[in-house]
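Please read this briefing alongside the sequence and the model. It moves from overall figures to selected elements and residues.

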Amino acid sequence: METLSSIESFVRTAEAGSFAEAARRLGLSPAAVGKNVARLESSLGVRLFLRSTRRLTLTEAGERFLAEVGGGLASIQGAVANLASSQGQPAGTLKVSMGVAFGRDYILPHLTDFLARYPAITPDWHFDNRAVDLIGGGFDAAIGGGFELPPGAIARQLAPAHRVLLAAPVYLAKHAPITRPEDLTQHDGILIRSPQTGRVRSWPLRTRDDQQATLELKQRMTMNDPEAACHAALQGLGITLVSTVHALPYLQRGSLQRVLPDWYVDTGSLSLYFSAQKLLPAKTRVFIDFIVERFREHRWAERFDARKPHEYLSQK
């Protein structure tokens, strides 16, 4: 019977298209992955890959073998992960990606409660505003919004992903009133570049009753981080557009105010992403349940909803 490591090396190499990338995903050396695949080919008596100096290509036998073992490997790994527990409790390293401010302000404060409930789990949390390669990066889960569903992953919606316009009271007091979207063209904008493309994206504004308008601000400055944009807005330097996740703390303190509170930008959903495998490791399953529970207890789905009354987004 072939070892799990040899089969896993084959599956990951087939997915990645190279020994080097498969090695990165598995935490092994390319040589070790190559030896595992060669050992598997020798044992089976068939060639699984056609090798060239530029690429690896599955043979017909390799494609057939991948189709037969690919799904089963995920189930076996899940079963092994569920058995690898401490006194029957979920255990192991939990690798999760989440946005910097979101993770720091909303998830990290609950870490003590999570570890008290699941002491055998070791968090390996990555704070990044970019979308990660969930499967290739070896992440158990990721929390984010505004990007497409990664291949091989499931998205569980947690809350709306809305953006709102913010400015400091001192800025609003010194400039012409803003009563409609067209007024924005005369105001300084603190614009945010996409971490994925490096570009400043143009967003359409909308209302609860589905009115739409173009969002146009004078480009006074650009930032690549929404928290930095909020800090620039605090200095009265202009108007910025950030997610309600970032906006909520400033609105609660009254240090920033919503501009055109009936208008917002809809970027989809804030979701929890995880592997589509049927048998999830216990550590991943309990993390998902914990996050969903906290969202429900703190009513974050409502608090992040820009369609709610302005007073609701501002209350503590």
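The notes below cover the overall make-up, two parts of the fold and two individual sites.

This is a predicted model, in which local features need pLDDT of at least 70 and side-chain atom pairs count only at pLDDT 80 or more, while totals for chains, interfaces and linings use all residues. Residues are numbered from 1 along each chain as its sequence is written, and side-chain values use heavy atoms, with hydrogens and water left out.

**Overall make-up**

- The protein has 12 helices and 13 strands, these being DSSP runs numbered from the N terminus (helices are H or I with at least four residues, strands are E with at least two).
- Of the 316 residues in the protein, 44% are buried, where buried means under 20% relative accessible area, exposed means over 50%, and partly exposed lies in between (1.4 Å probe, protein chains only).
- Among contacts (heavy atoms within 4.5 Å) with a separation of 6 or more, 75% come from residues 24 or more positions apart.

**Strand β5 and its partners**

- Four of the five residues of strand β5 (residues 141-145) are buried, leaving the strand mostly covered.
- Strands pair if DSSP finds at least two bridges between them; β5 pairs with β3 (residues 92-98) in the parallel sense over three bridges, and S97 stands opposite A142 in β5.
- Strand β13 (residues 265-275) runs antiparallel to β5 and is joined to it by five bridges, with S271 in β13 as the bridge partner of G144.

**Helix α8 and its ends**

- In helix α8 (residues 226-234), the buried residues are P226, E227, A229, C230, A232 and A233.
- These buried residues pack against several elements, including α5, β6 (153-167), β10 (218-223) and α9 (244-253).
- At the N-terminal end, D225 caps α8 through a side-chain oxygen that lies 3.1 Å from the backbone nitrogen of E227, whereas just after the helix G236 takes a positive phi of about 75 degrees.

- S6, in helix α1 (residues 4-16), is buried with a relative accessible area of 1%, and, leaving aside its neighbours within four places in sequence, S6 is in contact with N36, R39 and L40.
- L108 is found in the loop between α5 (100-107) and α6 (111-117), and L108 is partly exposed, with a relative accessible area of 36%.

Terms used. Polar contact = N/O pair within 3.5 Å; in protein donor to acceptor, adjacent residues only side chain to side chain.
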